[in-house]
Amino acid sequence: MASDNDEVNVAVIEDFRPRLRQYIVVQRVLDYIDFIGNDQKERIRQKDRTEGNGAAVDLLISSVTKKPHSPGWFRAFVDALVNAGCEHAADYVQAKLPDPEVEAENDCCVRLIQLLLPSLVDMDTKTVCTHCFSAELLTQDDTEIITATIENQGPQSGASELLRRIVRCPPGWFSKFLNVLRDTEHPRLYNELSGVSPDCDMQGSDEKMLSLKNGSEACTEMSAAEESCDSIQFMEISTTENPQDEATDLYEGASVESKLPNTLEPSQPDGADSEAAARVPEKADIVLRDYQMEVARPALEGKNIIICLPTGSGKTRVAVYITKKHLDGRRAEGKSGKVVVLVNKIPLVEQHYLAEFLPYLKQAYKVERVSGDSQLKISFTEIVKKNDVIICTAQILENYLERSNKGDDEGVNLSDLTLIVIDECHHTQKGGVYNHIMMRYLKQKNKNMRLKKEQKQPVPLPQILGLTASPGVGGATKMEKAEEHILRICANLDASKIMTRSLGEFTKEQRKIVVTVEDRNEDPFGDVIKTIMNAIHNHAELSPTCDLGSQNYEQWVVQKERKAATEENQKVRVCAEHLRQYSEGLNLSNTIRMRDSFSFLNKFYDEEIKKKTTPDEEHTIHITDTERFLFNLFKDNKEELQKLAENPEYENDSLSKLRAKILQEFSTRDAARGIIFTKTRRSAIALSQWIQENPKFADIGVKASYVIGGGDQSVVKPMTSAEQKDVLTKFGNGEVNLLIATTVAEEGLDIPECNFVIRYGLVTNEIAMIQAQGRGRAEDSSYTLVEVKNSGVAEKECVNEYRKTMMNKAIDKIRALSQTDYDKRIMEFQMQSIMEEKVRMTKKKQKGVKNENPSEVKFSCRGCSKHVCTGEDIEIIENMHRVNLTPEFCELFIRRENTTLQERLLDYETNGFIACKDCGQRWGSMMLYRGIECPCLHVKNFVVTLSGKKISKCTKWSELAVKFSAFDYAEHASKVAESSDEEESMTS
């Protein structure tokens, strides 16, 4: 019978596949499905990234319906859809179909939104987003993404993103959206959508839906092409031109720009989150150890302090204790308390909430958490009002402080808070979000001093508690500079003291091992690469003065490429570009397997050769003698490189030592659990694959996985928040016992009972060293540093040990200062910071008004130095996309299709790129904006000349102080229409 049911369920799913393609959001649903393997999930995610949500849904459905079926698969699929917010899709899967008339009406609503898109994108997006959230048209994730789009790409792009998401809602969304437009005072948009006169009574959704039915004829007049498309597929995938840095990876907090209903209890999040919160057991009163009580004492007296204790020594527990005593004290005085705990990475929000603050405080106080991953249907302002303790990412608080500064009712003031706890407070330095918050604090403190002198009431400010394992020395080489660095952090946090104590009997001694490596006796793979590189040096007449593959060599090559590009020396430029790839290949062979290095180089040359071919083969792209030389050079050596890469006899010694160390740890411990830190995403993934493919590791119970950052700066695809959370959860519960990580896992994350830590060819600064050492918290834990050729890690580790010692001495010297001397130095640094901030803001304003004339900027192809256009030819769309629609420019490039570039939004889409007709150098992408094809330029692909001077480095448009003219849609649309009329008259 179960088999019959399975057949029926599969048939229903297949019948409604087109509808499911519209209503399923793959990235959300995958997080809730556990009967599909991780490898297949990754293939589905890759399909989403390259071909769009619709194609990914097809692959998801095929995976779900594939035989043999696991028990309970259908119910699990339905539950996943519901939990992911795809309830409408869940109804179709269960054959709970809407009335045909309702379904047709809903389709019409979607088409109407599409037709009126040019008008709708002019909405007040932030306000509409807030009210759509209140009307439950958007989820918390939706609002986060829309807010980020507004901030990064502008309000029209944000409006497109908003509309793309609300049309996926179940039938009935349209009337709610009309209510939102009415409530947010958009009468013109309301009338366009509803057809209701401004003077009519606008109450009730029935009248609105009736007006929609009357306008349904307009929907049917859409072109056949539009009719044939999935009605939602035209609104998929939003990307930005400027990628994120690795440092500002996925752990960074996102803005929360939403106002939500007051019907929900703020401390009860939705779905699985509320269940998780309910399962958290209450804990007895906190009992601190002597050293913890000692460092907490000044804070218990209401003073601002920094607590500096090693990772794993219970800093967060101390913060919970201080928070409780703070709230207890205010309650006893008949006052309310408001505590905000700030963290710098999203997973820390959940960690602090579930593991520390909620268990100890839930009995007496309301505790809530908010981050970019939160699902709460309530605004941050309301959360602050309704809760006693709020744990959040720092950016969220900064966003709402800025709102208040602009006079927004939905803002938060520092005076609303009574205690701010800042986790990993050593980040309170220039440019960081912590410092932006504290700069507001210091400015108000300075104003309060003036108000007191004028005998006026000062504005109340919260108490500050900073937590860190290591403030570092900021690169100082002398004790004086180390003291200054730490004092600046104290000043930024307005700390009256920095508290640190010896842990005494609670210290866990950690064995530290430095594993040195030998150069290969033979390195034929590396020798072939070096021979190729030297041949390129001779061809380009280059003479490097540093070791091939070293960091100095990499910097030398980059400088040569930039200089050659500005001098229009294409021979040297293209040689330098290829040398950089070989240098990376050499590094990879010294770090990971030779086969990984060969794969990297082979892929690069495949892509380069593709650049020199056109899809239609109607046009021949010129291949220079130098390019032909480089292609043949790799082709001639490819077979030998591939053969050598498969010979394990020539693998690097670092990998051999790492293998021995892993085998030792897992064979000598009852329950080994460890982390390997490595430098790059590529090496983390390759090391994980190497371990998984080696049967020796499996035989002793090694279960490895990797975790990397979420920024898009690297050419290696980033990890999503859900993927990263999944790996860390498995590592926490033992499903994974060896984690290979980039630096994203060094700081803050509570990874329990690690009994060994290995840093594989990676050393940064003394803070990272202390943080990495702190990952090993179990008894008899070890910390191992494995050298990698050209990394210099052993020497850097010695420097970090020296800096660690210097830091501890500097803290002791600061603690030995008299309070008067300490306060004087802190005040000096604070005044200096305030003045520097004023100068910075002044310069920012001046920079904003200094814009060069567009006629003064010229662009030439980076690949062949051909003049392309001037700034007068360029127009800007939505303050983001630089496009050139001049006929002259359109004659200079060819178009290529590229599935990895497919982006679809409500008002524009891109599914290909443009390249130089002469040399094949990529210039940018072809964008369809509201029916008009617009060649969109990426400045990094050009050599820029400004006022007669060539700019050697210009990788982002923001680096070019030129104000381009705004895109005139009406003018270009009329030209397109005229051109179409002429074509029709010629054919008739």
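**Close-up views of a predicted model**

**View 1. Helices α10 and α12 meet side by side.** Thr125, Val128, Cys129 and Cys132 in α10 meet Pro155, Gly158, Ala159 and Leu162 in α12, where contact means heavy atoms within 4.5 Å. Like everything below, this comes from a predicted model, in which local features need pLDDT of at least 70, side-chain atom pairs count only at pLDDT 80 or more, and totals for chains, interfaces and linings use all residues. Residues are numbered from 1 along each chain as its sequence is written, and side-chain values use heavy atoms, with hydrogens and water left out. Helix α10 covers residues 125-134 and helix α12 residues 155-166; their axes come within 9 Å and cross at roughly 25 degrees. Helices (H or I, at least four residues) and strands (E, at least two) are DSSP runs, numbered from the N terminus. Axes are lines fitted to C-alpha atoms, for helices over the stretch in contact, and angles run from 0 to 180 degrees between N-to-C directions. That crossing makes α10 roughly parallel to α12 (angles under 35 degrees count as roughly parallel, over 145 as roughly antiparallel, 65 to 115 as roughly perpendicular and the rest as oblique). The crossing of α10 and α12 is left-handed, meaning that the near helix is turned anticlockwise from the far one by less than a right angle. By class, the contact of α10 with α12 has six nonpolar, two polar and no charged residues (Ala, Val, Leu, Ile, Met, Phe, Trp, Tyr, Cys and Pro count as nonpolar, Asp, Glu, Lys and Arg as charged, and the others, Gly among them, as polar).

**View 2. Helices α26 and α28 run in roughly antiparallel directions.** Here α26 (residues 524-540) and α28 (residues 570-591) pack at an angle of about 165 degrees, with their axes 10 Å apart. The crossing of α26 and α28 is again described as left-handed. Residues in the contact include Phe525, Ile529, Met533 and Ile536 of α26, and Val572, Cys575, Leu579 and Leu586 of α28. The residues of the contact of α26 with α28 divide into 11 nonpolar, six polar and two charged.

**View 3. Seven strands make an open parallel sheet.** Follow the strand order β3-β4-β2-β5-β6-β1-β7; two strands pair if DSSP finds at least two bridges between them. The edges are β3 (367-370) and β7 (497-499), each of which pairs on one side only. Neighbouring strands of this sheet are turned by 15 degrees against each other on average, direction ignored. Inside the sheet, β1 (residues 305-308) and β6 (residues 463-468) pair in the parallel sense over four bridges, and isoleucine 307 has leucine 467 in β6 as its bridge partner. Helix α24 (residues 433-453) packs on the sheet, where it touches β2 (339-343), β5 (419-422) and β6, and its direction makes about 145 degrees with that of β2.

**View 4. Glutamate 424 sits in the loop between β5 and α24.** Is this residue buried or exposed? At 5% relative accessibility, glutamate 424 counts as buried (buried means under 20% relative accessible area, exposed over 50%, partly exposed in between, with a 1.4 Å probe and protein chains only). The C-alpha atoms of glutamate 424 and alanine 469 are separated by 7.4 Å, although these residues are 45 residues apart along the chain.

**View 5. Four strands form an open antiparallel sheet.** The order is β15-β14-β23-β24. At the edges stand β15 (867-870) and β24, each with a single partner strand, so one side of each is left without a neighbour in the sheet. The twist averages 30 degrees from one strand to the next. Five bridges join β14 (residues 857-861) to β23 in the antiparallel sense, and phenylalanine 859 has valine 944 in β23 as its bridge partner. In the loop between β23 (942-946) and β24 (949-951) you will find serine 947; its phi is near 50 degrees, a positive value in a residue other than glycine.

**View 6. Strands β21 and β22 form a hairpin.** β21 (residues 922-929) and β22 pair in the antiparallel sense over six bridges, with tyrosine 929 opposite isoleucine 932 in β22. Between the strands are two residues, and arginine 930 takes a positive phi near 50 degrees. Five of the six residues of β22 (residues 932-937) are buried, so this strand is largely enclosed by the rest of the structure.
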